[in-house]
Amino acid sequence: MTDNPDTARSNRRTDGFLLREFVRSATRALETNQETLNALNVFPVPDGDTGTNMVLTMRSVRDELEQQVDANPSITSARMARASLLGARGNSGLILAQYFKGLAESLADGYDISGEGFARGLRIASEIAYRAVPQPKEGTMLTVFRECAEAAEKAVVEMAGLEHVMIAAADQAMDTVRRTPEMLDVLRDAGVVDSGGFGFAIMLQSGADLMAGREAGTRKIDPPGVAAIQGSQASGSSIRSEFLEGVEEKAWGYCTVFAIEGNDLEPDPIRKHMDDIGRSPVVAGAGTLVKVHVHMEDPGAALTAALQYGSLSNIEIQNMDEQAREWAANRTAETGAGASKQQDFTTAVVALAIGPGLIECFETAGLGAANVLVGGDTMNPSTAEIVEAIEAAPSQAVIVLPNNKNIIGTAKQAVDLTSKTVHVVETRSMQVGLSALLEFNPDKLVEENAASMSEPLTIVRSGSVSKAIRDALLDGVVVREGQYMGVLDEKLVTAGDDRASVLLEMLNGQLDEESLVTIYGGADLGEESLEETVDRLQETYPHTEFESISGGQPDYDFLLSIE
Amino acid sequence: MPVAVVTDSTSDLPAELASQHGIHVIPLYVHFGDEAYQDGVDITADDFYQRLQSDRVFPTTSAPSPGAFMELYRELAKDHDGIISLHLSSKVSATHSSALQAASEVKEEGIKVEPIDTLQASMALGLVAIEVAKAAQDGSSLEELKVLANELSARARFTGLVETLEYLQKGGRIGRAQAMLGSLLRIKPILALVDGEAHGIERARTRSRGISRIKNLVAEATPLDALCVLHTTDPELASELAADLSEHAPSGKPLIARLGPVVGTYLGPGMLGFGMIRSSS
């Protein structure tokens, strides 16, 4: 074992254990630079945080290898590929999973990790990743993969060993990242480099450091070519992100999730109790409601133990052992745990949503057949979480509504990881997702539902008003930190100091007499100011029908749809 | 002597069509508090919808009494061989059971009546009555008409886009359309009678989208033996819809009818829909 790099440089193992070293240091490096990566957003909103997504994806790979590592790199790299796929969050996590898939392919028949094997892995990863994206764009993680592969191959030709191939790749990665704003106008306008590519460069850099015998993963690295990027703002609900991180734990035994309702609940003693009887407990919340996620050999023991704290609800038990999964689902239905979700519909829905009001909208619009998974911009769910939600949905045929452009990829990945028939209707916003859900009929076949639910995708427009967390020039509009941005159809159309005025302005020229505009008020927006705003809109646009709903979503003062 | 054809006022059969086919229509009642009106007889649709929207009292409806049926059956028996009596779904009204009771009362007098529960409403029932009346004119026996009526009823559909479920709920006839009530978003539900009960079958965010959905529903059901466009308060929209659907009507021209007060009580102002009979496969 080569835990101490200083002594191990010359006789470093080049097998599965080295892969684990790489994974550990890459994860650490991403953690160290997580905030920097998060701040590299094109839109100055907490939107699909790349740093967080990459960290969570890598943690799931790391945790897999902490659990078990095989000296044979083909076995270990295959485990890494699978873990990254299950733990993938957001688009950057998905592309990262492609990288591990490529690595696993190139290491499939070797016993040694050579410079050549690493270079081949990068090449395969690059090809897979380009194919995985419908319209590949240069100036993204894809370019970084491709140019790294080229640099690594060149180093191989020059007879370099693994260490120098990695250094060549890492140097190239940083250089490519520096040039991403030249390739992609949105990056240039926003004054940032591609965050996913930069994250990958950081990972390679930590690998090169490791090979060179330096301390790996503890260095803060500035994005190349970017002056000073302001630290990102801490986002929304910390309880939830704590919860999500925990869910990343290696699947083992029965994944047991439930809520405890009681009085003066304290998370710490409950967490300790769960730790004593199970594995990897995550306990979030306090007071009258606490949510527990724990892996159990015997899920009943966790429920029995939890009863002493209060009454239980939302119980979901999932056998993480794939072969036993089906049996477990049947048993769950028989014993009544989660029985309310086991009603038979021809088609059910899994919808991603965030904000209490919006979650309720999805639940009621789902006609009892919708399983709503909490997730959105700043908390992209993992593929595994989406798979779990699909398994828990009350039908064998399931429609998934990702409701966020950064979740579409993970949702599509989930399709192949479940035995259920799954269609993803590619909704890019919650607003469009709700319109799609209103086309849903639980008594119809999944194919029919997928067709009718796809119709709003081209008809319904969505927009938002939110605060800029830094200065930016986007789509020809200048926005200053602290101003409100009006975004329509994913383009910045206006900015200003008053959120209601921004909303008013962005609708100018977009409405006709048949339009129905639905406004969802954010978490920080009082009921009153939502009503005042909608009254103002109605005065300005007297022929349009407005509907307002308190959505309670974080980060966005208003979400809106026009149909 | 031919068989007499009876239906009730919830068929929404336009008066001229009823008389043209010799169909006898027995009225249900609509009540505003203590005031009772005979459906289609002593309250006009315009007056009714005006009151439905402005009156503080929500109207209620009631079935014709067995006595009223007996009176009609006795009258018709004078110059008919038998009577087929086609009615509104027994799941939402007592009309059919009232007819059954009357039929058994007059049986002792040698009067043969076959009450039929069509499990339909409005012009889905009305269109069945027209077809049965045609067959009666052509000399079909009561037994043959009974088979025909049941077969036609199974192919009949009643569907409508409503502005709100409020009237259906207030009137206590919401059935399985209940599931659509909880939605936080304003929706325009599309209802249908399924197995005689109101079901919500589709939802639309806007009226224009709802109208295009109901057009699709008609197109999906083709070929048709009969089609009638229905409305409560929008004659112009109904004419437009009829023009748009003309290719699907066997005659090239769908009928247009207005919902009378009884069915209108539950579907409310702004309803737009259709009754139809699908062709037998």
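Predicted model: local features only at pLDDT ≥ 70, side-chain atom pairs only at ≥ 80, totals over all residues.
## Chain A overall

Chain A has 563 residues, of which 55% count as buried. Its secondary structure comprises 22 helices and 15 strands.

## Packing of H9(A) and H11(A)

Two packed helices are described by the angle between their axes and the distance between the axes. In chain A, helix H9 (residues 162-183) and helix H11 (residues 195-211) have axes that come within 8 Å and cross at roughly 155 degrees. Angles over 145 degrees count as roughly antiparallel, and H9(A) and H11(A) are therefore roughly antiparallel to each other. The crossing of H9(A) past H11(A) is left-handed.

On the side of H9(A), the contact is made by A:Leu162, A:Glu163, A:Met166, A:Ile167, A:Ala169, A:Ala170, A:Ala173, A:Met174, A:Thr176, A:Val177 and A:Thr180. H11(A) contributes A:Gly197, A:Phe198, A:Phe200, A:Ala201, A:Leu204, A:Gln205, A:Gly207, A:Ala208 and A:Met211. By residue class, this contact of H9(A) with H11(A) contains 14 nonpolar, 5 polar and 1 charged.

## Helix H5 of chain B

In chain B, helix H5 spans residues 122-137, which amounts to 16 residues. The distance from the first C-alpha of H5(B) to its last is 22 Å, close to the 22 Å expected at 1.5 Å a residue. H5(B) is mostly covered, with 14 of its 16 residues buried. Just after H5(B), B:Gly139 adopts a positive phi of about 95 degrees.

Methods. Residues numbered from 1 in each chain as written. Chains lettered and ligands numbered in written order. Helix = DSSP H or I, 4+ residues; strand = E, 2+ residues; numbered from the N terminus. Expected span 1.5 Å × (residues − 1). Buried ≥ 20, exposed ≤ 12 C-beta atoms within 10 Å, placed from the backbone. Axes fitted to C-alpha atoms, helices over the stretch in contact; angles between N-to-C directions. Parallel < 35°, antiparallel > 145°, perpendicular 65-115°, else oblique. Left-handed = near helix turned anticlockwise from the far one by under 90°. Contact = placed C-beta atoms within 7 Å. Nonpolar A, V, L, I, M, F, W, Y, C, P; charged D, E, K, R; others polar.
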